[in-house]
Amino acid sequence: MEDGVDHLAFERSKAQFDVDEMKIVWAGSRQEFELSDRISRLVASDPAFRKDDRITLDRKELFKNTLRKAAYAWKRITELRLNEQEAYKLRSFVDQPAFTDLHWGMFVPAIQGQGTEEQQQKWLPLAYKMQIIGCYAQTELGHGSNVQGLETTATFDPKTDEFIIHSPTLTSSKWWPGGLGKISTHGVVYARLIIDGQDHGVHGFIVQLRSLDDHYPLPGITIGDIGMKFGNGAYNTMDNGLLRFDHVRIPRNQMLMRVSQVTREGKFVHSDVPRQLVYGTMVNVRQKIVSDASVALSRAVCIATRYSAVRRQFGSHNGGLETQVIDYKTQQARLFPLLASAYAFRFAGEWLKWLYRDVTERLQANDFSTLPEAHACTAGLKSLTTTATADAIEECRKLCGGHGYLCSSGLPELFAVYVPACTYEGDNTVLLLQVARHLMKTISQLGSGRKPVGTTAYMGRLDQLTQYHSDVKKAEDWLKPNVVLEAFEARAARMSVACAQNLSKFANPEEGFQELLADLAEAAVAHCQLIVVSKFIEKLQQDIPGKGVRQQLEVLCSIYALSLLHKHLGDFLSTGCINPKQGSLASEQLRYLYSQVRPNAIALVDAFNYTDHYLGSILGRYDGNVYPKLYEEAWKDPLNDSVVPDGFKEYVQPMLKQQLRNARL
């Protein structure tokens, strides 16, 4: 802390719960807390990982800075003999998107999930030691969400026992894979498998892209970076790439063959490994994205909450202090639901980790019964949490007033780095429509006696839910978990049923689906919000130690649910789940809940346990010493290196002296 003064000490003294115990709830376990705490401090205390200069670097310097940090991180991981989990934490606390994210996050898992034992033995040791660096080359210039529409081809040549990888059109150029632009030596390339002129769909192939001697692209390969992206610094540390193949040959054994193979004779065969395993991997990737959403959202909320307590504006009486911005009800109504959402998404992510383990165990036992539901559920939660988080980071910037627009607030860069999550690993609207398809299928199968499972189990009570009317009579009734849950179940069920009824009016169901896309997406959102609310409520049924911790979480759970009810009041009223009076009572209860959070707000964001280095924000500093640090930071800008700026004498001085004809314009 600066000068040992904690400007937020008074706020911290008001906490009505044990912050250290809440830190463990947030982390997931004491062990997880200790790991994160140790690694985050290790990174924060190492000057090699400083990041406050990123925004002033040009693209080439920025990229070189990223390479230096990635190499240094690998050096530290090796020296300290960190295990896989510790190494992952270290890379995430370095907090700079880099080629290593895709190597460890996509390339290695693709080989683990889709490679045969033999292929794994060949490629993984090289990847684990980073003797090869990989990327995941799926998305193309012309196709992203529609993977089945990819145009790159892999044609089998039986004479040489090779595949010929080729980009037949401009739109078949691989476009966007991180790490591809300048660094990756290898890629898992997705291409259409062609044998004897027959198309067998999209499969993965391991392709070497660059020489391991001089790093030049191999013959037949055109490769480069796709250019600057949104924001200052931000995701421009990543070399998102473009890639074209001109009849590049690879050995047959470089097709990832765990699920299906091409034999020496050119026969396409499925192995006895179920295709559904690929969905298991997708569940895992999306589970990580939901956990990442809670991290990004909590960082933004931490900055906005601390600064709202530091900032004072208006309301001074007799020369006294002005009012803290956090005491204005408008600020609370915008900020506290975001704080509650951070906790809600954290617990949803925790539950998804369990779901992934459960699905994996079932797959190994050849039980695919829960897979469609798990797949739809992770798709929906990926969409819901990333959309909400991207919107929330921007809302937090606005909650910080003018200073939130400064790069030194940390919010512009956090936003720019985070927003692509709404698109990668499935465009959020496309994912909602996948959820909607699953919901429509679930409803259509109810008649045949198939019981809905998992997060769609409530659909098995459609008769009851379509008759449901809330019996809330006073504001406090909205604090009862079953009252909230029933209202959210009834809303979701009725919106899905309304879509199913409208669909049945169309002779062609697919035509109907296209016509009702907007309604279907809204029904999917209602279903996903129900999942998050129900998982928060389930979390509260667990044993939660620590003075006052459970009470705080109960308040946050109520705020999450009732702020959604308030925001989507039209849904709840139009479906007849609640009446207008009950809607007003929910809003009244929400106001009271905000006043309960207020004394605990700073302690609730302290529970995230973020170092100042990781937050990267002057407004969100732990000690609240904002103004002197903002002033100090301003002088570090390169424009302030000189008193008179470059260009003044050539362009501005002649104007001031009215000698424009001599000016060098």
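# Notebook: domains, salt bridges and backbone in a predicted model

I began with residues 279–440, whose end C-alpha atoms lie 20 Å apart and whose span is 73% helix and 0% strand, where helices (H or I, at least four residues) and strands (E, at least two) are DSSP runs numbered from the N terminus. UniProt, in an unreviewed entry, places the feature "domain: Acyl-CoA oxidase C-alpha1" on these residues; its positions are given in the numbering used here, feature names are shortened, and annotations may be inferred rather than shown by experiment.

I noted that this is a predicted model, in which local features need pLDDT of at least 70 and side-chain atom pairs count only at pLDDT 80 or more, while totals for chains, interfaces and linings use all residues. Residues are numbered from 1 along each chain as its sequence is written, and side-chain values use heavy atoms, with hydrogens and water left out.

**N-terminal annotation.** I looked up residues 18–133, where UniProt places "domain: Acyl-coenzyme A oxidase N-terminal", again from an unreviewed entry. The end C-alpha atoms of that span are 45 Å apart, and the span is 72% helix and 0% strand.

I found 7 residues of domain 1 in contact with 10 residues of domain 2, contact meaning heavy atoms within 4.5 Å. Together the two domains bury about 670 Å², of which 73% is on carbon and sulfur atoms; buried area is the accessible area (1.4 Å probe) that two parts lose on being put together, summed over both. On the domain 1 side, Phe-230, Ala-234 and Tyr-235 lose the most area to domain 2, together 56% of what that side buries. Between domain 1 and domain 2 I counted 0 salt bridges, a salt bridge being a side-chain nitrogen of Lys or Arg within 4 Å of a carboxyl oxygen of Asp or Glu.

Glu-140 and Lys-174 meet through their side chains at 3.0 Å, N to O. Glu-140 lies in the loop between strand S1 (134–137) and strand S2 (153–157) and Lys-174 in strand S4, so the pair ties together parts that are 34 residues apart in sequence. Glu-140 is buried, at a relative accessible area of 2%, and Lys-174 is buried at 0%; buried means under 20% relative accessible area, exposed over 50%, and partly exposed in between (1.4 Å probe, protein chains only).

For Asp-157 and Arg-249 I found a side-chain salt bridge at 3.0 Å, N to O. This pair links distant parts of the chain, with Asp-157 in strand S2 and Arg-249 in strand S9 (residues 248–251), 92 residues apart. Asp-157 counts as buried at 11% relative accessibility, whereas Arg-249 is partly exposed, with a relative accessible area of 42%.

Arg-306 and Asp-606 form a side-chain salt bridge at 2.8 Å, N to O. The pair links distant parts of the chain, Arg-306 in helix H8 (residues 277–310) and Asp-606 in helix H20 (residues 601–606), 300 residues apart. Arg-306 is buried at a relative accessible area of 2%, and Asp-606 is buried at 9%. Salt bridges that share partners join Asp-6, Arg-12, Arg-306 and Asp-606 into one network.

**Helix H10.** I checked the length of helix H10 (residues 371–399): at 1.5 Å a residue its 29 residues should span 42 Å, and its end C-alpha atoms are 41 Å apart, which agrees; the expected span is 1.5 Å times one less than the number of residues. H10 is mostly covered, as 22 of its 29 residues are buried, and H10 is followed by Gly-401, whose phi is positive, near 60 degrees.

**Loops.** I looked up Asp-161, in the loop between S2 and strand S3 (162–166), and noted a positive phi of about 60 degrees although Asp-161 is not a glycine. Trp-176, in the loop between S4 and S5, also is not a glycine and has a positive phi, of about 110 degrees; Trp-176 is partly exposed, with a relative accessible area of 44%. Most residues other than glycine have a negative phi.

Last, I checked Ser-184, which lies in the loop between strand S4 (174–175) and strand S5 (186–195) and is buried at a relative accessible area of 0%. Not counting residues up to four places away in sequence, Ser-184 touches Ile-133, Gly-134, Cys-135, Gly-179, Leu-209, Arg-210 and His-215.
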